[in-house]
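Dear colleague,

Please find the structure below. My notes on it follow.

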Amino acid sequence: MAWNLPDELSNVIVTGKSGAGKQPRIEVLVDEFDLEQLSTGNIFRKYLGKFDNFDYDDNLDEFWDGEDFIPDNEIAEKLGTEDESVILGMKAKYFVEQGLFVPDRITNQLFKSYFEERGCSGQVLDGYPRTLSQSKFLLELVEEKDTAIDFVVWVENSDDLIIERTTKRRICPECDKVYHLKYDPPTEDNKCKECDVEVIQRSDDTEGKIRSRLQEFKDKTIPALKYLKEKGIPIAKVPGHLEEFTPENVKRSVMEEIEKLY
Ligand SMILES: [Zn+2]
């Protein structure tokens, strides 16, 4: 089926509650528009990994002056490297190792560095922006880089369905295969069909944790999306739940909604 859509896009955002079903929709965009997925999860893994590989064992408090990080040139001197990704990795690690949220200004720096590395275009942003200040930063950045955000795809799903889907999810600790107690169950004695190992529930998949992620989406991400809309970025809402979940249906449900924007 031919869609009445531009051949080339600059960048697209995919958003939705955690567990809404973003990944299959991201894959549609990647395939149809020849884009690359840029996930915040990967960004954090990359920079934290850069710093971990750097093998610095001393206390990170020496980079913090009580209110903020010391200037980058002083950090570089203490670390003995000017590699920006190691310095960024240290800043993220400083918060992660204390079990704190990485503040937006650091997340923004990590995002910027990775986005630039990818050439500032052809990206499907996944997990970013998640807050109002990230949205503001992103729009300034795309303007500075003379690129654009074409639209947002918002994958909608109800809290009840998300809770049903995620609390019944089980994973094989051996091969990472994902099961669902109702839709795709493991063996009768709760084992992976491939490995014969007992499947487990991820610690993130408990109802309390899911509810707090859902609340965070309402409190922080919805204002971020409202801001983008006010600034003229169109939003296509696509259903996260389909009666018949087939690749064709997923694709059609995404492309139809995007087409309405043009
Ligand atoms: Zn397995």
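**Loops, zinc site and overall build**

Asp-55 sits in the loop that runs from helix H2 (40–54) to helix H3 (72–79); helices (H or I, at least four residues) and strands (E, at least two) are DSSP runs, numbered from the N terminus. Although Asp-55 is not a glycine, its phi is positive, near 65°. Asp-55 counts as exposed, at 60% relative accessibility; buried means under 20% relative accessible area, exposed over 50%, and partly exposed in between (1.4 Å probe, protein chains only).

This is a predicted model, in which local features need pLDDT of at least 70 and side-chain atom pairs count only at pLDDT 80 or more, while totals for chains, interfaces and linings use all residues. Residues are numbered from 1 along each chain as its sequence is written, and side-chain values use heavy atoms, with hydrogens and water left out.

Asp-34 also has a positive phi, about 55°, without being a glycine. Its place is the loop between helix H1 (22–33) and strand E2 (36–39), and at 69% relative accessibility Asp-34 is exposed.

A further loop, between strand E3 (123–126) and helix H6 (132–144), holds Pro-129. The peptide bond joining Tyr-128 and Pro-129 is cis, with omega at about -5°.

The zinc ion is coordinated at 2.3 Å by the SG atoms of Cys-172, Cys-175, Cys-192 and Cys-195. Donors here are N, O and S atoms within 2.8 Å of the metal (3.2 Å for Na, K and Ca); water is not among the atoms, so sites may look incomplete. Along the chain, the donors of the zinc ion follow the spacing C-x2-C-x16-C-x2-C. The site is tetrahedral, with angles of 105 to 114° among its 4 donor atoms; four donors count as tetrahedral if all angles lie between 85 and 135 degrees. The ideal angle for four tetrahedral donors is 109.5 degrees.

As for the whole, the protein chain has 9 helices and 7 strands. Its C-alpha atoms fill a box of roughly 55 × 50 × 30 Å along the principal axes. Of its 262 residues, 44% count as buried. Among contacts (heavy atoms within 4.5 Å) between residues at least 6 apart in sequence, 70% join residues at least 24 apart.

Regards

Methods: Tetrahedral: all angles 85-135°; square planar, octahedral: opposite > 155°, others 65-115°.
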